[in-house]
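Keep the viewer open as you read.

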Amino acid sequence: MTDCLFCKMVAGDIKPAVVFENDHVLAFRDIRPRAPVHVLVIPKRHVPTLDDLPETDSALASELLQAVKKVAQSEGIAETGYRTVINCRGDSGQDVYHLHLHVLGGRPMSWPPG
């Protein structure tokens, strides 16, 4: 996807503030943080929304969740608690159509969100 912002990051055309990376996943700081810690975890392969992740791709789903745990540990929020959010499509607030998980922490979170 040549016009996808996150694909450009994966390709190295845009340099995000990387927090974690492996062969399948990239995690970087959100440029508009909503908490003291706000990291986005994305698959390196373009998947527009959570609904577009094939049911047969449990390996990628697992990689994303394991990356969330690693980010929480490395950012020092695993012990105190953190929130993970996946927005799916317009009504949820998804504005970049490349699957991404928000990892938020460093402050108490209220409920319900948004």
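Arg-83 is buried, yet it has no salt bridge. In this predicted model, the nearest side chain of opposite charge belongs to Asp-30, and that is 14 Å away. What, then, lies 3.0 Å from a polar atom of the Arg-83 side chain? It is the backbone oxygen of Ser-110. Arg-83 itself sits in strand β4, which covers residues 82–85. If you set aside residues up to four places away in sequence, Arg-83 touches His-102, Val-103, Leu-104, Met-109, Ser-110, Trp-111 and Pro-113.

Next, please turn to Thr-49, in the loop between β3 (37–43) and α2 (58–74). Is this residue buried or exposed? Its relative accessible area is 1%, so Thr-49 is buried, the cut-off being under 20%. The Thr-49 side chain reaches the backbone nitrogen of Asp-51 at 3.1 Å, and it also makes a polar contact of 2.8 Å with the side chain of Asp-52. Leaving out neighbours within four places in sequence, Thr-49 is in contact with Cys-88, Arg-89, Gln-94, Tyr-97 and Leu-99.

Now for the aromatic rings. A search of the whole structure turns up one aromatic pair. The ring centres of Phe-6 and Phe-28 are 5.4 Å apart and their planes meet at 70°, so the pair is edge-to-face; that label applies to angles over 60 degrees. The pair links distant parts of the chain, with Phe-6 in helix α1 (residues 5–11) and Phe-28 in strand β2 (residues 25–29), 22 residues apart. Both partners are buried: Phe-6 has a relative accessible area of 4%, and Phe-28 is at 3%.

Finally, let's zoom out. The protein chain has two helices and five strands, and along the sequence they follow the pattern α-β-β-β-α-β-β. How does its radius of gyration fit that of a compact globule? For 114 residues such a globule would have a value near 13 Å, and the chain has 14 Å, so the two agree. Along the principal axes, the C-alpha atoms fill a box of roughly 35 × 30 × 30 Å. Of the 114 residues, 37% count as buried. Among contacts between residues at least 6 apart in sequence, 53% join residues at least 24 apart.

How values were computed:
Residues numbered from 1 in each chain as written. Predicted model: local features only at pLDDT ≥ 70, side-chain atom pairs only at ≥ 80, totals over all residues. Heavy atoms only, no water. Phe/Tyr/Trp six-rings, centres within 6.5 Å; stacked < 30°, edge-to-face > 60°. Helix = DSSP H or I, 4+ residues; strand = E, 2+ residues; numbered from the N terminus. Buried < 20%, exposed > 50% of the residue type's maximum accessible area, 1.4 Å probe, protein only. Lys, Arg positive; Asp, Glu negative; His and termini not counted. Salt bridge = Lys/Arg side-chain N within 4 Å of Asp/Glu carboxyl O. Polar contact = N/O pair within 3.5 Å; in protein donor to acceptor, adjacent residues only side chain to side chain. Contact = heavy atoms within 4.5 Å. Rg over C-alpha atoms; globule rule 2.2 N^0.38 Å.
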